[in-house]
Amino acid sequence: FGMIFSFSVSLCFGFNVYCSALALGIVAFLSHFITSYYKIPPPGNFFFIMVAAMASNFQFDMEMIPTRIGLFAMGAILSCSFAFIYSVFVEKSAVINIPRRTFRKKRYTKFVESGIIAVFMTLTLVIGHILKFQNTYWISISTIAIIQGRNFEHVRQRNLHRIIGTFVGLGLAWFILYFNPEKIVMIFIIMFLQFIVELMIVRNYGFAVIFLTPLTILLVETGSLIHHNVTELMEARLIDTVIGSLMGLSAGFLLYHQQMINKLEKSVRFSFFQFKKLKK
């Protein structure tokens, strides 16, 4: 339901670029705040923001909104069904919960972090529109992927891995598309790439991005009735990734700058108390 909500909100506000950017910011704020509050482990807020960013790239069509939400909901239900079947028939062994050390955040820290992420996710769409990019969601996805780092050092590492991995992955995508494979062959290639990505994403992020890049490009080519210029598509993907990665690095700097977070937290707390006084 969270995925469907994120997709629907972004889709319904796609009639205007700035409204769409604001909707993505709201989804980013709520998804981070809720996942942080309930201590949902990684990827946490990532997929909620990702689907909202992708929905913002659709051409606005009021008549198509119910159909698109329905198709998305069917996909979400199918995924939950597969997960349920897996848990019943495969995962029969007892699950051992290993306690992990967690940093206890202050009351308003979650609010401040959510606000920072919301601002940067809003900016990704605005910047993409100003620069007249076609697939602005690539900037948004790159930004939120970089923010997923455990600390600023990890954020810097993911930033480097994503840029280098995307560059190498574009070469792999060009090699595949050079042979112009049939649709059915393309589907099997996508299945193989998806398998490699799922296998490697938790082991080596940079290596996984090498296969993630051609996967997304092939999905665009296979699912679209319009044949895109491959060179232009890959150039746009590289530029979007670099911009998004640098924005993610900037957001990560703010999120893990403890002194700045403390100052913002004090400001929010003071504003909240002042608001309560005014209400009384």
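Me: Is Asn180 buried or exposed?
Reply: In this predicted model, Asn180 counts as exposed because its relative accessibility is 59%, and the cut-off for exposed is over 50%.

Me: Where is Asn180 found?
Reply: Asn180 sits in the loop between α7 and α8, with α8 covering 183-200.

Me: What is the phi of Asn180?
Reply: The phi of Asn180 is near 50°, a positive value in a residue other than glycine. Most residues other than glycine have a negative phi.

Me: What about Lys132, what is its phi?
Reply: Lys132 is not a glycine either, and its phi is positive, about 60°. Lys132 belongs to the loop between α5 (109-130) and α6 (137-147). With a relative accessible area of 74%, Lys132 is exposed.

Me: New topic. How many salt bridges are there?
Reply: The count is one salt bridge. It joins the side chains of Glu153 and Arg156, at 2.6 Å from N to O.

Me: Which helix are Glu153 and Arg156 in?
Reply: Both lie in helix α7, residues 152-178. They are three residues apart, about one turn of the helix. Arg156 has a relative accessible area of 41%, so it is partly exposed.

Me: And disulfides, how many?
Reply: The structure has zero disulfides. Cys19 is in none, and the nearest cysteine sulfur, that of Cys12, is 12 Å away.

Me: Why does Cys19 count as partly exposed?
Reply: Because its relative accessibility is 28%, and partly exposed lies between under 20% for buried and over 50% for exposed. Cys80 is exposed, at 54% relative accessible area.

Me: Which residues form the nonpolar patch on the surface?
Reply: The patch is formed by Phe5, Leu22, Ile26, Leu30, Ile34, Tyr37, Tyr38 and Ile40. Together they have about 830 Å² of accessible area.

Me: Which helix gives the largest share of the patch?
Reply: Helix α2, residues 17-37, gives five residues. Phe5 lies in helix α1, residues 2-12, and counts as partly exposed at 47% relative accessibility.

Me: Last one, helix α4. How many residues does it have?
Reply: Helix α4 has 25 residues, 65-89. From its first C-alpha to its last it reaches 36 Å, close to the 36 Å expected at 1.5 Å a residue.

Me: Which residues of α4 are buried, and what covers them?
Reply: The buried residues of α4 are Ile65, Arg68, Phe72 and Ala73. Their cover includes α1 and α3 (46-55).

Key
Residues are numbered from 1 along each chain as its sequence is written. This is a predicted model: local features need pLDDT of at least 70, side-chain atom pairs count only at pLDDT 80 or more; totals for chains, interfaces and linings use all residues. Side-chain values use heavy atoms; hydrogens and water are left out. Patches are made of residues with over 30% relative accessible area and no salt bridge: like charges are joined within 9 Å, nonpolar side chains (Val, Leu, Ile, Met, Phe, Trp, Tyr) within 5 Å. Accessible areas come from the Shrake-Rupley method with a 1.4 Å probe; for residues, only the protein chains shown count as cover. A salt bridge is a side-chain nitrogen of Lys or Arg within 4 Å of a carboxyl oxygen of Asp or Glu. Helices (H or I, at least four residues) and strands (E, at least two) are DSSP runs, numbered from the N terminus. Buried means under 20% relative accessible area, exposed over 50%, partly exposed in between (1.4 Å probe, protein chains only). The expected span of a helix is 1.5 Å times one less than its number of residues. Contact means heavy atoms within 4.5 Å. A disulfide is a pair of cysteine sulfur atoms within 2.5 Å.
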